[in-house]
Amino acid sequence: MNITSYTVEYIQDPTGILTGDRYEYFLDIDVDEDDELYSENGIKLRVLYYKNGEDERILNYHFVESHSGNILDFALDEEEEKTVSAFCRENLSQTQD
């Protein structure tokens, strides 16, 4: 799984009830044709990322078929989740600079 491009958006909390900041990432990913996750239409990974001081983590994620928007029932393995979390952390700090 390779991340080829991404977009990130700050999610505003209109109520002010939630602590910390939340960001929504859409990661375009490239997967091998022999991977069960592969789709001719392309795959995105939608990630809800949380930051509150030093506490940063993935809150939730979904694989989404790019063309249809259908959510796919797959999970990241532990190593992939670490890679995605590091990617979000790194690109969030670049966004805030």
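Helices (H or I, at least four residues) and strands (E, at least two) are taken as DSSP runs, numbered from the N terminus. The structure is a predicted model, in which local features need pLDDT of at least 70 and side-chain atom pairs count only at pLDDT 80 or more, while totals for chains, interfaces and linings use all residues. Residues are numbered from 1 along each chain as its sequence is written, and side-chain values use heavy atoms, with hydrogens and water left out.

Within helix α1, Glu78 and Lys82 are four residues apart and therefore separated by about one helical turn. The two residues form a salt bridge, with the closest N and O atoms 3.7 Å apart; the term denotes a side-chain nitrogen of Lys or Arg within 4 Å of a carboxyl oxygen of Asp or Glu. Glu78 is exposed, at 59% relative accessibility. Here buried means under 20% relative accessible area, exposed over 50%, and partly exposed in between (1.4 Å probe, protein chains only).

In the whole structure, six salt bridges were found. One of them joins the side chains of Arg46 and Glu24, at 2.6 Å from N to O. This pair links distant parts of the chain, with Arg46 in strand β3 and Glu24 in strand β2, 22 residues apart. Arg46 is partly exposed, with a relative accessible area of 27%, whereas Glu24 is buried at 16%.

A salt bridge also forms between Arg89 and Glu56, whose closest N and O atoms lie 4.0 Å apart. Here too distant parts of the chain are linked: Arg89 belongs to helix α1 (residues 78-96) and Glu56 to strand β4, 33 residues apart. Arg89 is partly exposed, at 38% relative accessibility.

His62 is located in strand β4 (residues 55-65) and is partly exposed, at 26% relative accessibility. Apart from neighbours within four places in sequence, His62 contacts Lys44, Leu45, Arg46 and Ile71, contact meaning heavy atoms within 4.5 Å. The C-alpha atoms of His62 and Ala75 are separated by 7.9 Å, the two residues being 13 apart along the chain.

On the surface, Asp30, Asp32, Glu33, Asp34, Asp35, Glu36 and Glu40 gather in a patch of negative charge. Patches consist of residues with over 30% relative accessible area and no salt bridge, like charges being joined within 9 Å and nonpolar side chains (Val, Leu, Ile, Met, Phe, Trp, Tyr) within 5 Å. Glu33 lies in the loop between β2 (21-30) and β3 (43-52) and is exposed, with a relative accessible area of 66%.

Definitions and conventions: Accessible areas come from the Shrake-Rupley method with a 1.4 Å probe; for residues, only the protein chains shown count as cover. Lys and Arg count as positive and Asp and Glu as negative; His and the chain ends are not counted. The place of a charge is taken as NZ of Lys, CZ of Arg, CG of Asp or CD of Glu.
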